[in-house]
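Please look through the sequence and the model below before reading on. The paragraphs that follow walk from a sheet to some aromatic rings.

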Amino acid sequence: MTRSLPRKGFAEVGTAPASKKGGVFPGRSRWVAVAVGALVVVLMVLGVRSCSPTDTGPVDAGVAAVVPVRASHGPATISDGVPNGYTRDPEGAATAAVNTVQALAEAEGGRIAMTAVEATRIARSASASVRAEVEDGKHPRSNPDAMTILPGAVTVLSFSESGAKVSVWGPAVSQTSVLPGDPLGIRVSWATDTLELVWEDNDWKLRDKSFKVGPDPSDPAVTAPPAGSALASPVQQGYYSFFVN
Amino acid sequence: MRGVVRALLAAVLLAGAMLAGVGVAAAAPVAATGKALPTQFPPELRKFVAGTDEFKSGPWFEGACAAKGGDVGLYLAQMFPAEERLLYWQMSDEDKLRIWTGIGPAAQARSEDAKRAVTEGKEPAHALMPTVFPGDDESFAPRAGEYCAEDFQAWGTRVGSNEWGFGWSKTADAESKQRWEKLPNAGDVPNGAWADACGTPDLPSLYCMHAYFVDCDQVKGRQDHGRCLGWNESQGRLSIATAHWLKGQDSLLERAWDSVDLGTVAGLASAPALMFGGPAASAFSAMWSLGVVGDVVDFVEGAANPLDKLANAAHEAAVEFTTAVLTDISETAQFDPMSTAFVTKYAQAASLGVVVMAFMCVHTLWRSGRHGSPGQTWTALGVYLPWALTAQALAPGLAAFLLTGMNALAKSMADVAGADIGGVITGVQSMGTLTAPAFPGGAFVGVLVFGAMIVGAVALWVGQQMHLFGMWIVGVVTAISFGLWVSPKYRHKALRPLFVFFSIACSKVLVFVLLGAVFAGAGSVITGSGGGPMDSFNRVAYVAIAMLLAGFGVWALVKWVPFLPTSEDSQDFGSGALMSGAVVGGAGAAAAYFASGRRGGAGAATARAGQSGQRGQGGQAGPSGGAGQAGGQGSQGSQGGGQAGAVTSAWQTRAQQGKSATVGAGSAAGKATKAGAAAGAGVASGGLSLVAQVGTQAVQTGIARTRQAADQHRMRAEDTPDEDRRR
């Protein structure tokens, strides 16, 4: 008895037979791949959570969680001692850059939690060096110096709606005793931070940062800066200070 | 199913790397193998010597610095009171004898008693000791929890071979020096103590031994800047106090130091381990060495003929260069895919990738008229095209995510391997005292075997640098390869640069694991005192073999790891062999050729390996010594054609003709390396030829295996002839 072949309709002529298995991970393997992917995500989350040390938290327990602030270009709030919420203009970017430098130093000194800085000031696309600095700052040293960073000259080197590059030159004033038994003394050091910010989640966040020691105020790079340097470009004006503690 | 298993293994590796990277702990020091502390070394001092169990469990690995390499400040604070005793015990027996006998008319009379005391492991009274400052003065003890090893690694020089992982800077930064000048009584510090503490011959040696200077221009942030300046300021005050203390000492102190010729910086040249704050940075690990390391002596004393002079030059160069390379072996620059420079280049390459993508779209549409199906075309344009664009945009971020874990894991492995590397360094330094009379074969064999050490050191250094270059090259190539995702015919090729990148990232971790194993094996030989006429030769030869294996063979040994893709994945990119692959392959082939002692012997063997690789489909890799894995050995890949690359085809041609194994693009490099290989490759060791052959065979086997896997991957286009579809 002759077995007749199934007839194909006109539309089926010339088309390849439907493959039982298609796609990158066909059939049952697809679910295995999904399970593997989920396992990786779970392991990474567990790893980050389990290996992250207990943050010391802010030294001053009196810091409120979220404090509304009103300034012309930000910050709009202070969250766990960290300013955030800036305007999408060069002045907002400049303010965000200064406050980010200050917040990082405060966290590295153990006065505020680095996790709070990470949550509000660090971009998702932050560079490896920024991430390393953040991770290191989660383990502040003992006997940290009390440090105040002042923006001597802040220059917006470039600006767009999505990103900005800001240079912050100024002193860091720290109070410390060098050796055990020494009285407290003041040390002033000058440095330049150059920050790359991105506009993310309606705020300026830090993507990359470079640090350079100096120049000292007596340095010709300050008194007669070369053309094209940050200190030769117009600096931001209208700076005021306030304390958050 | 194999793809799923491979994905599972990769996921486990990635998760493990992340767990290890996020929570990397300070690497506990590994006890030195095959070495011992001096006879009767006081047990209460053991905790200050790296490599002892007591050091590992010391308080400096607890507290705030536990996860940052250890508390160096606390170590110094506790070490200072015991420093004079530690310095005594680190001296050679001859110097210990001089301490006991002292100088002057009565020295000879005390010699017998002194010998007995040294033999019995006694410690002289404090009055005879070469006392140091600050000793018991706690006002100069650094505070605990404030200065960790990682800080000094960043502010000083990163060194992979000592316990803390750093060396002090030769001098402080300019700002610190200016601050020193403004300290009270700064004028009491003698000239040169701050400018060149270890280069002023008449300066008391204590300034050089305590040159704990760091360079604050290397800091990365404001808080670090303040702490670094604080550290240098404390060392400035220590120098001032040292000057005052030295003025108050009587001549007995000077005689104690002068009796061992260590009273001034000039005398420290015979004890380099004491210079530039060496004892503190190494945690007195020199205590384990075969003896106080001194200068490299002439291999042939009174060299008259050119061969003897060449032997002396090769001896000195081998010891010094090998020491330098091993010291810096773990200091490979880290690749940051999120750095502005790389992102810029990646963006430029990505624009080319988009152009490729456009061409592939057109090609796919044109091809769909002859091959494939509407469904296949829709998949290519509707699924893989947006996939490719998305992956291309996210790749640098994902790479940074991957490298964060891998770099941290590699650092941990480097720290663990550092102890073994340190052992080899100590052994290499001790070879500086080898002389021709104790060496079988004399000057001629010395030239050859020390030459082999130099070649091995060069190979090791090149291999380490290629990791960084490979990441750059493959990273940029990956941006272009995303354009191939659209085409069903070329899609499988787009994955290969990704696999190579992943492989290089993972291989860095494995390299340090293997380096530690290789050097642990070599260390046990070069520090063991087997005796006999071949003892000296064996020590040098084993180090040479270990260096050559580490330089040429380790990258190939990595390919034995089954779940890591191999360089074959990037063969199709570029038609010419990358310089690294060609040079290393040529040098490895040259070394194998000369070592085999038979014309075409090793070449024939490796050519057979090349032939076995060619039985796989598509392009081939050239002979590889392994270090050229980055970027691949680039042959002209073509589908199904089996067209060999220029290197391999020439290799095979020569092998078939029974000619030399130095072939192809590597021949020029092979000739260049002949000079070095001729000087050193005469190590009459079958292991040398075996290493090169094993490495090349591993490459070819991995090539064939991974090629089969890639071709069987479902993402490969099914180039089904039309007649197979029509029914």
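Two strands are said to pair if DSSP finds at least two bridges between them, where strands (E, at least two residues) and helices (H or I, at least four) are DSSP runs numbered from the N terminus. This is a predicted model, in which local features need pLDDT of at least 70 and side-chain atom pairs count only at pLDDT 80 or more, while totals for chains, interfaces and linings use all residues. Residues are numbered from 1 along each chain as its sequence is written, chains are lettered from A and ligands numbered from 1 in the order in which they are written, and side-chain values use heavy atoms, with hydrogens and water left out.

In chain A, 3 bridges join strand 1 to strand 2 (residues 77–79), and these strands run antiparallel. Across this pairing, A:Val67 stands opposite A:Ile78 of strand 2. Both strands belong to an open sheet of 3 strands with the order 1-2-3.

Turning to chain B, the rings of B:Trp60 and B:Tyr75 have their centres 5.1 Å apart and their planes at 80°, so the pair is edge-to-face (rings of Phe, Tyr and Trp, the last by its six-membered ring, pair if their centres lie within 6.5 Å; planes under 30 degrees apart count as stacked, over 60 as edge-to-face and the rest as tilted). B:Trp60 lies in the loop between helix 2 (53–56) and helix 3 (72–79) and B:Tyr75 in helix 3, so the pair ties together parts that are 15 residues apart in sequence. At 0% relative accessibility, B:Trp60 counts as buried, because buried means under 20% relative accessible area, exposed over 50% and partly exposed in between (1.4 Å probe, protein chains only).
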